Amino acid sequence: MDKPVRILVHGASGRMGQALLRLASGMKDVSVVAAVQRSVGQRVVDGTPHFAASELAGTPAFDVAVDFSLPEGFDAVRALCEARGAALVSGTTGLSDAQRAALDAAAGRIPVLWQANFSVGVAVLDELVERAATALPGWDCDIVESHHAHKRDAPSGTALALGASASRGGATPRYASLRAGDIVGEHLVQFATMGERIELVHRAGNRDIFAQGALQAAIRLVRRPPGRYGLRQLLFD
Ligand SMILES: NC(=O)C1=CN([C@@H]2O[C@H](COP(=O)(O)OP(=O)(O)OC[C@H]3O[C@@H](n4cnc5c(N)ncnc54)[C@H](OP(=O)(O)O)[C@@H]3O)[C@@H](O)[C@H]2O)C=CC1
Ligand SMILES: O=C(O)C1=N[C@H](C(=O)O)C[C@H](O)C1
């Protein structure tokens, strides 16, 4: 059997980070060698070494970083992956144009996967939205996203990605965002004209769907040469 893929989890104390650590602990083909968050309490939790963001340079060797943090933490983990020649899987949303350009540049040196949404269902929804927009010229296109009250960025990364797909199909999407309670993530794409309406909806029931997608993608990404990859390409091609 191949050695387990060595993973650095960045944003380990967060909602996504906790799901990643829990799922990874039950997988034989991955080993979390470092868990990084902004500030660290316990140094070792369930056998996994924890590091503060300021200690990134002192983390052990890893094959791939899986980053679900915040835009202010993103540059450091991207730079670390480039310096170490490690792959980068990131789901952090709200990145600036400069951060997106830096990701493109990094892909010249390391394998990179950034995805606004790691669920398989949203990947399919994305394709449906482009097809619907292409087939429905002149229809109004509205994207409504709902998330938990703690989410900072709006519109969500997923809404913007769905909007880009709608635009490729010729639509001009409008966005609305709701922040309420503990909603994991819901995206509604509505196409409307006089007398009729189509609604395409995805509802996330838990965060494991994102964490599972990110971990499976990470296992596959480490075998690839430097470049920019997509979730569907890694999971299904
Ligand atoms: N692509 C996808 O499928 C998904 C993407 N997301 C995105 O993932 C990101 C994280 O979401 P969520 O887990 O809910 O967020 P949380 O706020 O729960 O967690 C954020 C994590 O990032 C850490 N962090 C914050 N600032 C820094 C920094 N400067 N350096 C290093 N680490 C830092 C926090 O550490 P500390 O606790 O010490 O502050 C914490 O561990 C968001 O951008 C969200 O939109 C979320 C779900 C799915
Ligand atoms: O912050 C979240 O929670 C989520 N963020 C992602 C986004 O911005 O689209 C993905 C998912 O909807 C959950």
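Good morning. I begin with helix 4 (residues 120-135), which supplies the largest share of a nonpolar patch, three residues; helices here are DSSP runs of H or I with at least four residues, strands are E runs of at least two, and both are numbered from the N terminus. The patch lies on the surface and is formed by Val-120, Val-124, Leu-128 and Phe-236, with about 310 Å² of accessible area together. Patches are built from residues with over 30% relative accessible area and no salt bridge, like charges being joined within 9 Å and nonpolar side chains (Val, Leu, Ile, Met, Phe, Trp, Tyr) within 5 Å. The areas come from the Shrake-Rupley method with a 1.4 Å probe, and for residues only the protein chains shown count as cover.

A word on conventions. This is a predicted model, in which local features need pLDDT of at least 70 and side-chain atom pairs count only at pLDDT 80 or more, while totals for chains, interfaces and linings use all residues. Residues are numbered from 1 along each chain as its sequence is written, chains are lettered from A and ligands numbered from 1 in the order in which they are written, and side-chain values use heavy atoms, with hydrogens and water left out.

By the cut-offs used, buried means under 20% relative accessible area, exposed over 50%, and partly exposed in between (1.4 Å probe, protein chains only).

The structure holds 14 of them. In one, Glu-127 pairs with Arg-232, the closest N and O atoms being 2.8 Å apart. Since Glu-127 lies in helix 4 and Arg-232 in helix 7 (residues 231-236), this pair ties together parts that are 105 residues apart in sequence. Glu-127 is partly exposed at 40%, and Arg-232 is partly exposed at 31%.

In another, Glu-130 meets Arg-168 at 3.3 Å, N to O. Here helix 4 is tied to helix 5 (residues 157-168), parts that are 38 residues apart in sequence. Glu-130 is partly exposed at 28%, whereas Arg-168 is exposed at 54%.

Arg-78, Glu-82 and Arg-109 are linked in a network of salt bridges.

Eight strands form an open sheet in the order 3-4-2-1-5-6-7-12, with mixed pairing. Strand 3 (44-45) and strand 12 (227-229) stand at the edges with a single partner strand each, so one side of each is left without a neighbour in the sheet. Two strands are taken to pair if DSSP finds at least two bridges between them. Strand 6 (residues 87-90) and strand 7 (residues 111-114) pair in the parallel sense over three bridges, and Leu-88 has Val-112 in strand 7 as its bridge partner.

Finally, helix 6. Its 14 residues (208-221) should span 20 Å at 1.5 Å a residue, and the end C-alpha atoms are 19 Å apart, which agrees; the expected span is 1.5 Å times one less than the number of residues. Its buried residues include Phe-210, Leu-215, Ile-219 and Leu-221. Thank you.

Notes
A salt bridge is a side-chain nitrogen of Lys or Arg within 4 Å of a carboxyl oxygen of Asp or Glu.
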